[in-house]
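Open the model in your viewer and keep the sequence panel beside it.

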Amino acid sequence: MKSKEQIYEETQDMVLKQNTDNYMEYLRIYRQAFNSNVTQEEKDDIRKKAYEEYQRKEAELKDILQYAYLDLVIENPYL
């Protein structure tokens with residue numbers, strides 16, 4: 001069975017990798033908008049929506065990491 005420390009470290013690694021993947025997706029969308037043949041206003045809207053989505057996903061990952069940390073430091077009396 002894995003220790004709490006191992007689980008937390010694996011969760012940290014997973015969150016970092018997923019956040020990097022999410023940011024790369026944001027950059028891909030940003031570049032596509034930059035190179036597209038639409039108005040500047042539409043490009044800005046695409047970029048804004050992509051960044052908002054990235055921020056939403058980042059917040060979810062931070063929550064996951066916070067819960068993993070709490071699990072690491074708080075003793076569970078039911079175990």
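Select Glu52 first. This is a predicted model, and Glu52 is partly exposed in it, with a relative accessible area of 41%. Glu52 sits in helix α2. Glu52 and Tyr26 are 26 residues apart along the chain, and their C-alpha atoms are separated by 9.5 Å.

Is Leu61 buried or exposed? Leu61 is buried, because its relative accessible area is 8% and the cut-off for buried is under 20%. Leu61 also belongs to helix α2.

Zoom out. Color helix α1, residues 4-35, and helix α2, residues 40-73. Two packed helices are described by the angle between their axes and the distance between the axes. Here the axes of α1 and α2 come within 9 Å and cross at roughly 180 degrees. So α1 runs roughly antiparallel to α2. Which kinds of residue make up the contact of α1 with α2? There are 19 nonpolar residues, five polar ones and seven charged ones.

**Salt bridges**

Next, show the charged side chains. Side chains of opposite charge can pair when their charged atoms come close. How many salt bridges does a search of the whole structure find? The search finds nine.

Select Lys2 and Glu10. They form a salt bridge, with the closest N and O atoms 2.7 Å apart. Check the accessibility of each partner. Glu10 is partly exposed, at a relative accessible area of 40%. Lys2 is partly exposed too, at 46%.

Move to Asp44 and Arg47. Their salt bridge has its closest N and O atoms 3.4 Å apart. Both residues lie in helix α2, three residues apart, about one turn of the helix. Now compare their surroundings. Arg47 counts as buried, because its relative accessibility is 13% and buried means under 20%. Asp44 counts as partly exposed, at 38%.

Go on to Glu53 and Arg56. Here the closest N and O atoms of the salt bridge are 2.5 Å apart. Glu53 and Arg56 are three residues apart in helix α2, so about one helical turn separates them. Glu53 is partly exposed, with a relative accessible area of 33%. Arg56 is partly exposed as well, at 38% relative accessibility. Now extend the selection to Lys57 and Glu60. Salt bridges with shared partners join Glu53, Arg56, Lys57 and Glu60 into one network.

**Last stop: a surface patch**

Select Tyr67, Tyr69, Leu70, Val73 and Ile74. These residues form a nonpolar patch on the surface. Together they have about 510 Å² of accessible area. Pick out Val73 within the patch. Val73 lies in helix α2.

Conventions. Residues numbered from 1 in each chain as written. Predicted model: local features only at pLDDT ≥ 70, side-chain atom pairs only at ≥ 80, totals over all residues. Heavy atoms only, no water. Patch = residues over 30% accessible without salt bridge, like charges linked within 9 Å, V, L, I, M, F, W, Y side chains within 5 Å. Areas by Shrake-Rupley, 256 points an atom, 1.4 Å probe, with all protein chains shown as cover. Salt bridge = Lys/Arg side-chain N within 4 Å of Asp/Glu carboxyl O. Helix = DSSP H or I, 4+ residues; strand = E, 2+ residues; numbered from the N terminus. Axes fitted to C-alpha atoms, helices over the stretch in contact; angles between N-to-C directions. Parallel < 35°, antiparallel > 145°, perpendicular 65-115°, else oblique. Nonpolar A, V, L, I, M, F, W, Y, C, P; charged D, E, K, R; others polar. Buried < 20%, exposed > 50% of the residue type's maximum accessible area, 1.4 Å probe, protein only.
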